[in-house]
Amino acid sequence: RIARKIFGNLLRCAFSYTNKIEYLDEAISVFRDNFNARGLSPKDNVEAIERLIPSIFIRFKLLHRRGDFDEIMQLYPMAVNDEYARIPHRFLLSCEWAHNARKSGHPSTLAAYDCAISLMQDTLTLAPTLDMQHSRLVVMRDSYESLPLDRASYHVCNGQLRWAIETLERGRALIWSEMRGLRTSIDQIRATDSHLADKFAAVNRDLEMLTLTLSANSSDHGRDGGSVRMDAFGRLVVQQRKLLDDRNKLISQIQALPGFDTFLKPPSFDKLHSAAARGPVIIINHCRWRSDILILLHNSPHSPSLIPTADDFYDRANNLRDQLLGARKQGLDSDQYEDALSYVLKKLYELVGRPVIKRLNEL
């Protein structure tokens, strides 16, 4: 097993130096054999998929074989649903899956987005310590910020405007909660049932520590005394399953508490809709795939109302942001900043204000 892994890596290096497709073909064959081999430890299984997917993807970009792409789309869900892999890694892989599936129009796109948004929530809310939450937020900031926007834009493409709004609010709530250093869900539980909150925090911490232990034990698998280590590893796997079951039971208990029925659940459109009771809510989804403006009205058959934007909306908005940030460096009292601010506000009115006012008048 170890020899095959090393041999596959050498073949990949040979391809990178020579660009000879034969080396890449052989590397893929070796990685595939590793993945299909019996008796692999969970860590070895994860590593095999990690090497196989990018290798096949390189060949697909070179030769455009549909069979290669189909195999990649089959491997992605296996990789992101592997409970033995660490949640942050599964989250990043699920984002990659969603991007490639959407780019090609693959039917697994929605499933990929659903998996990614669920793992995004797990990486932020189930981390055992606040420091770990913040470190993940920093390391994976781009993915955290773009995923809800991307998923919402996909719903808009399919005419699912209510789902788009739910997705945006779910992502916003998660990101802002963690950026502010708030653990609102746990704190609120503790105020109602401190014992249940402590148990929930403890099981999350135990799961994280056990994941690290599983990785360490997997690296020793196959050496002297392998059967003994395998028995120990098997006990750790059983322990992990029990902790996952315990966590699910605790989540059910928390959701049974008064006022916590939506704990770790996405917000419903009906609840979000109530925010428009005092006036229209304007939502701008600034996304690389497509940008849209959504108007949320209270007690209106036309809510939500969609305003598609021009193809260059995303880039124009980014340019305005960069221009304003650049001018701020000259000082907020400088003439350069005043000129830039006036220009940006004028362009924002053209991009957003005018079409929104027009639609509100129509409604």
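1. Helix H5 (residues 87-104) packs against helix H8 (residues 141-157) at an angle of about 35°, and their axes are 11 Å apart. These values, like the others in this note, come from a predicted model. Two packed helices are described by the angle between their axes and the distance between the axes. The crossing of H5 past H8 is left-handed.

2. The residues behind this contact can be listed for each helix. H5 contributes Phe 91, Leu 92, Cys 95 and Arg 102. By class, the residues of the contact of H5 with H8 are 7 nonpolar, 2 polar and 2 charged.

3. The model has 2 cavities of 30 Å³ or more, and the second largest cavity has a volume of about 60 Å³. Its lining is made up of Val 46, Ile 49, Glu 50, Ala 79, Ala 85, His 89, Arg 90 and Leu 93. Helix H3 (42-63) and H5 are the elements that give two or more residues to this lining. The lining of the second largest cavity divides into 5 nonpolar, 1 polar and 2 charged residues.

4. Two or more lining residues come from each of H8, helix H14 (313-328) and helix H15 (335-362). H14 gives the largest share, 6 residues. In the lining of the second largest pocket, 11 residues are nonpolar, 3 are polar and 5 are charged.

5. The next element to check is a sheet. Strands of a sheet pair through backbone hydrogen bonds, either parallel or antiparallel. Here 3 strands form an open sheet in the order S1-S2-S3, with antiparallel pairing. Strand S1 (281-285) and strand S3 (305-308) are the edge strands, each pairing on one side only. On average, and with direction ignored, neighbouring strands of this sheet are turned by 20° against each other.

6. Within the sheet, S1 pairs with strand S2 (residues 292-296) in the antiparallel sense over 5 bridges. Ile 284 stands opposite Ile 293 in S2. H15, which also gives residues to the pocket lining, packs on the sheet and touches S1, S2 and S3. The direction of H15 makes about 40° with that of S2.

Key
Residues numbered from 1 in each chain as written. Predicted model: local features only at pLDDT ≥ 70, side-chain atom pairs only at ≥ 80, totals over all residues. Heavy atoms only, no water. Axes fitted to C-alpha atoms, helices over the stretch in contact; angles between N-to-C directions. Helix = DSSP H or I, 4+ residues; strand = E, 2+ residues; numbered from the N terminus. Left-handed = near helix turned anticlockwise from the far one by under 90°. Contact = heavy atoms within 4.5 Å. Nonpolar A, V, L, I, M, F, W, Y, C, P; charged D, E, K, R; others polar. 1 Å grid on protein atoms, 1.4 Å probe; cavity = no way out; pocket = protein on both sides within 12 Å on 5 of 7 lines; lining within 4 Å. Points joined across faces, edges and corners; volume = space filled by probe spheres on them. Pairing = 2+ DSSP bridges.
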